[in-house]
Amino acid sequence: MASLEQSRQLVTEIPGPASLELNKRRAAAVSHGVNVSLPVFVTRAGGGIIEDADGNRLIDLGSGIAVTTIGNSAPRVVDAVRAQVDDFTHTCFMVTPYEEYVAVAEELNRITPGSGEKRSVLFNSGAEAVENAVKVARAYTRKPAVVAFDHAYHGRTNLAMALTAKSKPYKSGFGPFAPEIYRAPLSYPYRDGLLDKELATDGEKAAARAIRVIEGQVGAESLAAVLIEPIAGEGGFIVPAEGFLPALLDWCRRNDVVFIADEVQTGFARTGAMFACEHEGIEPDLICTAKGIADGLPLSAVTGRAELMDAPHVGGLGGTFGGNPVACAAALATIETIERDWLIERARQLERLMTEPLLRLQAGDDRIGDVRGRGAMIAIELVKSGTADPDPGLTEALSKAAHAAGVVVLTCGMFGNVIRLLPPLTIGDELLAEGVEVLGQLLGDL
């Protein structure tokens with residue numbers, strides 16, 4: 001396929017006539033329970049550009065929700081997938097295994113935080129990884145309870161919904177949920193600072209608050225695992241205060257509780273480290289990965305200390321499609337691309353390219369309550385002028401205006417007032433600068 005020109009171009013309104021026709025078919029054929037943020041139908045994508053059925057080229061600041069981190073249809077991935085499809089597409093690893101699955105497990109054991117002996121198991125989605133990490137923790141500890149945090153998002157299956165904090169659209173009407181799930185307060189520096197400036201900067205103090213809740217509501221003797229995103233994703237790209245994660249991990253180690261890091265959105269170079277845990281030297285007992293692992297093919301994993309991962313009985317973990325050979329080929333090529341093309345360093349460059357202009361915007365606009373994030377995972381929290389009250393209306397309006405202008409952005413946050421930016425690490429500097437500039441201009445217009 002010819003390379004896709006890396007420039008924004010609007011030849012029709014968004015969505016254009018071809019997309020509108022396809023949307024009619026979607027409405028007639030697809031469950032209305034599936035939301036679509038930007039109803040343009042994609043025909044090609046690459047680098048930092050998505051091209052739709054009408055020939056419009058949009059700047060991609062979403063990466064399919066942090067999935068195409070190395071760029072859509074990255075060359076090594078395309079070559080690896082083609083070769084694997086030509087060999088075979090499926091046998092089920094639990095029936096007749098294949099080297100590709102083992103190779104991915106070896107790579108995950110190598111690159112995830114922690115120096116001891118590790119094991120991995122492969123699945124299809126982030127939610128599957130989370131559910132199976134909980135199974136491993138329960139099998140190892142013989143305890144039932146799990147603690148998740150305010151603002152958490154862990155997926156859409158039953159247990160994952162129970163672990164997720166936000167009701168609409170993820171949980172409302174879908175209960176009853178899995179039992180023995182408890183919730184503790186997350187370190188949220190911007191919001192914590194409105195009440196207690198020390199709490200906003202002192203991660204150990206924020207952790208002590210969470211631990212008091214955990215010990216009061218559950219107790220270590222009943223607790224199998226503490227599950228946390230090192231940076232909250234759907235919850236608003238919340239980076240906990242420094243010291244929060246290490247203090248939680250220390251409490252878990254002292255109380256025989258499994259520490260599970262959900263790195264589904266933060267993993268694979270997204271935050272300027274291969275995994276977000278590395279920013280504070282965290283070595284989780286178990287780590288859940290998905291999204292960026294295979295450049296768009298469905299794959300997820302749980303990786304962890306060997307004694308934990310070997311705790312479930314033989315046959316207790318698995319799934320028909322888990323570790324599909326084509327997805328495994330894509331994952332191996334993705335990891336190779338991240339390491340050979342210095343994409344961890346590139347994520348740090350993108351952080352500067354996004355945060356510097358956004359901080360300048362914030363200095364002149366009190367509706368930007370906070371600019372935060374790491375690497376190519378940056379967000380702005382929008383509030384009502386003169387207050388810290390969340391402004392979901394402005395957030396929705398800015399998102400829609402950006403889409404109409406040919407810039408793909410996503411919203412998130414418990415209050416629906418966060419714009420998140422997740423560009424592919426292969427986006428060009430000028431294209432990224434243009435996307436951020438358009439966002440700033442539109443916010444001024446609003």
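This is a predicted model: local features need pLDDT of at least 70, side-chain atom pairs count only at pLDDT 80 or more; totals for chains, interfaces and linings use all residues.

**One threonine, then some rings**

I started with Thr337, which sits in helix α12, residues 325-340 (helices are DSSP runs of H or I, at least four residues, numbered from the N terminus). Residues are numbered from 1 along each chain as its sequence is written, and side-chain values use heavy atoms, with hydrogens and water left out.

Is Thr337 buried or exposed? I found Thr337 buried, at 5% relative accessible area (buried is under 20%, exposed over 50%, partly exposed in between, with a 1.4 Å probe and protein chains only).

Leaving aside residues up to four places away in sequence, I see Thr337 touching Ile70, Arg76, Trp342 and Leu343 (contact means heavy atoms within 4.5 Å).

Next I searched the whole structure for aromatic pairs and got 6 (rings of Phe, Tyr and Trp, the last by its six-membered ring, with centres within 6.5 Å; planes under 30 degrees apart are stacked, over 60 edge-to-face, the rest tilted). I noted Phe88 and Tyr98 as an edge-to-face pair, 5.7 Å centre to centre with 65 degrees between the planes. Both lie in the loop between α3 (75-87) and α4 (99-111), so their pair ties together parts 10 residues apart in sequence. Phe88 is partly exposed at 26% relative accessibility, while Tyr98 is buried at 8%. I also found ring pairs linking Phe88, Phe93, Tyr98 and Tyr101 into a cluster.

Note on methods
Helices (H or I, at least four residues) and strands (E, at least two) are DSSP runs, numbered from the N terminus.
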